[in-house]
Amino acid sequence: MKKIVHGTEQLIKRVLQWFYRILGKELKEEQWMVWTQFIGFVIVGVSNFLVSYATYALFLCFQDNYHVANIAAFVISVLNAFFWNDRYVFKQGNDGRERVWWKALLRTYLSYAFSALFLTEILLYVEINVLGLPKLLGPVINLVITTPINFVMNKFWAFNDNRKRNGE
């Protein structure tokens, strides 16, 4: 399994290096680390979308209120996203310091509250009530809009170690 992961990682790195060369740039190690985090975030995001979408659809089966379904999906999926992002995507460095998990969890809920709750509520309202799209299509469309926003908010705020910025 490690060989497959390493081979896939090398392939992605080569593609990115090629793309950077086309732009007349060089892929630096720091940029590669950000890409690695983003790719990990997208992989976690896909699994998280499945959890969120299943929760949303399940709640719609028992009642027809897409707002309640969206809120339930938000609560469950953010907990899922936090678990995987904390363990694999934004894991702590090897400096021996531990992140205060509950602060990161609180910041994760707050960052997702903007994009995965408030923004999706607005988008769902427009998609369902204005555009007349099916209730099960909105969350799929919203994924493309909210994923980059969630990555930036998680990377630079929810999972950011303030001690590094303060020079501790």
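**View 1. The cavity found in the predicted model.** A search of the whole structure finds one cavity of 30 Å³ or more, where a cavity is a set of points, on a 1 Å grid over the protein atoms alone, at which a 1.4 Å probe fits but cannot get out. About 380 Å³ of space lies in this largest cavity, the volume being the space filled by probe spheres set on points that are joined across faces, edges and corners. This is a predicted model, in which local features need pLDDT of at least 70 and side-chain atom pairs count only at pLDDT 80 or more, while totals for chains, interfaces and linings use all residues. Residues are numbered from 1 along each chain as its sequence is written, and side-chain values use heavy atoms, with hydrogens and water left out.

**View 2. The lining of the largest cavity.** The lining has 24 residues, of which F49, S52, A116, L143 and T146 lie nearest the centre of the cavity; a lining residue has an atom within 4 Å of a point. The largest share, eight residues, comes from α2, and the lining divides into 13 nonpolar, 11 polar and no charged residues. Here Ala, Val, Leu, Ile, Met, Phe, Trp, Tyr, Cys and Pro count as nonpolar, Asp, Glu, Lys and Arg as charged, and the others, Gly among them, as polar.

**View 3. The surroundings of F74.** Leaving aside neighbours within four places in sequence, F74 is in contact (heavy atoms within 4.5 Å) with Y109, Y112, A113, A116 and L117.

Technical notes
On a 1 Å grid over the protein atoms alone, a cavity is a set of points where a 1.4 Å probe fits but cannot get out, and a pocket is an open set with protein on both sides within 12 Å along at least five of seven lines; lining residues have an atom within 4 Å of a point. Helices (H or I, at least four residues) and strands (E, at least two) are DSSP runs, numbered from the N terminus.
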